[in-house]
Each structure stands twice: as structure tokens, then as C-alpha cells.
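Trainee: I would like to go through this structure with you. Please tie each term to its cut-off as we go.

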Amino acid sequence: MTSVCRSEALRFWKRLGCPSLTFNAPMSGHTGPELAPELERHGVGMVILGGYPGDDATYRASKLVARRRDEFAVPPDRLPEELSRVDVEVPVAVNVRFTDSHGAEKLSGELADLVDIIEINTHCRQPEVVRVGAGEALLEDRTRLVEIVEAVAEHDVYVSVKLRGPHPAFEDALEALRNSSVDILHVDAMKPGEPTYELEYVRAAARVGVPVIGNNSIRSPKDVRAMFEAGASAVSIGRPILEGNWDVFDRLAQYTALEE
């Protein structure tokens, strides 16, 4: 499969109802329902919530992570109630950590009426999460990753996978996803040790043939153009949320606004 053409990707985001191509990145412990209206006020074209635990194993892991950092340690059976509090007009995605297809199928069925996109978390590096087989562990177990994608795709919801570029299994995971039911790839194009991005990860993801969201160190229209030229059709921003730097969202949302 070749790269999805930009016009086709733009039609996808317009059909979804995104007013701009600037989204927020999911940041566990921060991007919850209470922040969604603020994100929308600053022009975010889609709100991405999470990451949340999607089964008992990831819930137990999240409780351990919460001892040392901000974290959403929400029991999976409470997640539908949590998401029912979201009050925005823009599309909503939720980033979830799953360990297997059974848990993914069960929870996705409960979330499909509440969100537009379920994003499978394969980017979390927290040791407690990886040890139970979620987050980056799924990049190593591509069979299980694809099984989770297909379980989520059984429901009336788009399927996204968020993954981090520098992982040694990154390209193998992309190859496994190429023939899956994934609809979107969300790429953390992290360049280790440097406050910038590595565009080759975006280029590699674009070759899968689905819309790509580029993420990491995006703060200016120049950064957005670089992501778009590499094959992304949307971008996501995270760190300015922690900094309270809403001007970045305002500026880039205006720059990436979609015509009605």
C-alpha cells in the first residue's frame, strides 16, 4: 500500500468534523474530560483524551505509576462514565492501554457511542505498563497488536494506533499494521537527546497508506509544514499544555484551519 494522498486525508478529517488539523496529544493525568472544553476554546480540531487503562492488568499498572507521577488510574468499568462527562462539539478520541483483544473488544463496545476514535496505546514506556504487556510491549508482539486492532474495529468507531519512532520494532510494527483495519497512525517522531523531531518516522508511517498525525516538538507553522511535507496530514501538541502556553494552540489551529 502506498502513502495516502493529502487530499484524501483531508477529506477524512473533514468528514470526521475536525475544524482544524491541530490536535492535542494525550498526556495521562492531564488530558481528561475537564480539559476538553479548554482545548476546544483554543482551536483544537480534535480532543484526544487519555491515556487510560483498558483492562485489569493495565489498571493495576497505572495505580503503580500514579505513585510517582500524574496518571489516570481509572478502573476500566468506570471509563464510560468518565467519558460521558466530555462536553465539546469537536470530535473526541480516547487513548487506551490494552493487553489483549478480549479486553479491547469488551471496552470498545462500551465506548463506541461516546467517542469517534479509539486510539491503541503502543507508545507508553512506563516499566509497570510494559511489564504487563501493554504500551511499547505491543510493538514487540505484533500478532497481539493486530488482534487488538481488529477487536476494536469490530465496533462503530475509527481505530488509531499511537507509536513512538525510536523504538527498534517501529518499522516491523508498521509493516504488521499495513494489512490491518487501522484507520489512523499517530506518530511520536521523537529524536532522542534533542528537542526536535525525526521526520523519517513520519515518512515511514505515511507509507502504510492511512492518515498520519505527527507529534513531538511542534510549536510553529514551520514545524507543521515539515510534518505535512513528510506525509502527516495533522499534528498533535502536548508539552504546551503543561506550560500553560495556549498561544501555541491558538496560532497553529488558525494556521491549520479547514475550510467548511
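Mentor: Start with one pair. The side chains of Arg164 and Asp188 meet in a salt bridge, at 2.7 Å from N to O. Arg164 lies in strand 5 and Asp188 in strand 6, so the pair ties together parts that are 24 residues apart in sequence. This is a predicted model: local features need pLDDT of at least 70, side-chain atom pairs count only at pLDDT 80 or more, and totals for chains, interfaces and linings use all residues. Residues are numbered from 1 along each chain as its sequence is written, and side-chain values use heavy atoms, with hydrogens and water left out.

Trainee: Why is the meeting of Arg164 and Asp188 called a salt bridge?

Mentor: The term needs a side-chain nitrogen of Lys or Arg within 4 Å of a carboxyl oxygen of Asp or Glu. Arg164 and Asp188 meet at 2.7 Å, N to O, so the pair qualifies. The structure holds 16 salt bridges.

Trainee: Which other salt bridge does the side chain of Arg164 make?

Mentor: Its side chain also meets that of Glu136, at 3.6 Å from N to O. Arg164 is in strand 5 and Glu136 in the loop between helix 6 (127-131) and helix 7 (137-140), so this pair ties together parts 28 residues apart in sequence.

Trainee: What makes a stretch a strand or a helix?

Mentor: Both are DSSP runs, numbered from the N terminus: helices are H or I with at least four residues, strands are E with at least two. Strand 5 covers residues 158-164, and Arg164 lies in it.

Trainee: Is Arg164 buried or exposed?

Mentor: Buried means under 20% relative accessible area, exposed over 50%, and partly exposed in between (1.4 Å probe, protein chains only). Arg164 has 10%, so it counts as buried. Both partners are buried too: Asp188 has 5%, and Glu136 has 13%.

Trainee: What else does Arg164 touch?

Mentor: Contact means heavy atoms within 4.5 Å. Leaving aside neighbours within four places in sequence, Arg164 is in contact with His123, Arg125, Glu136, Phe170, Asp188 and Met190. Its side chain reaches the backbone oxygen of His123 at 2.8 Å.

Trainee: How do Arg142 and Asp172 compare with the cut-offs?

Mentor: Their side chains meet in a salt bridge at 3.8 Å, N to O. The pair links distant parts of the chain, with Arg142 in helix 8 (residues 142-153) and Asp172 in helix 9, 30 residues apart. Arg142 has a relative accessible area of 25%, so it is partly exposed. Asp172 has 44%, so it is partly exposed as well.

Trainee: Which residues are linked in a network of salt bridges?

Mentor: Arg69, Glu71 and Arg97 are.

Trainee: What makes a pocket a pocket?

Mentor: The search runs on a 1 Å grid over the protein atoms alone; a pocket is an open set of points with protein on both sides within 12 Å along at least five of seven lines, and its lining residues have an atom within 4 Å of a point. The largest pocket has 31 lining residues, and Pro26, Met27, Arg164, Asp188 and Arg239 lie nearest its centre. Helix 12 gives the most to this lining, with 3 residues.

Trainee: What is the volume of the largest pocket?

Mentor: About 830 Å³. Grid points are joined across faces, edges and corners, and the volume is the space filled by probe spheres set on the points. The second largest pocket has about 230 Å³. Helix 5 (residues 101-111) gives the most to the lining of that second pocket, with 5 residues.

Trainee: How do the residues of the two linings divide by class?

Mentor: Ala, Val, Leu, Ile, Met, Phe, Trp, Tyr, Cys and Pro count as nonpolar, Asp, Glu, Lys and Arg as charged, and the others, Gly among them, as polar. The largest pocket has 9 nonpolar, 13 polar and 9 charged residues in its lining.

Trainee: Why is helix 10 described as largely enclosed?

Mentor: 6 of its 8 residues are buried, so the rest of the structure largely encloses helix 10 (residues 199-206). Its cover includes helix 9 (170-178), strand 6 (184-188), strand 7 (212-215) and helix 11 (221-230).

How values were computed. Polar contact = N/O pair within 3.5 Å; in protein donor to acceptor, adjacent residues only side chain to side chain. 1 Å grid on protein atoms, 1.4 Å probe; cavity = no way out; pocket = protein on both sides within 12 Å on 5 of 7 lines; lining within 4 Å.
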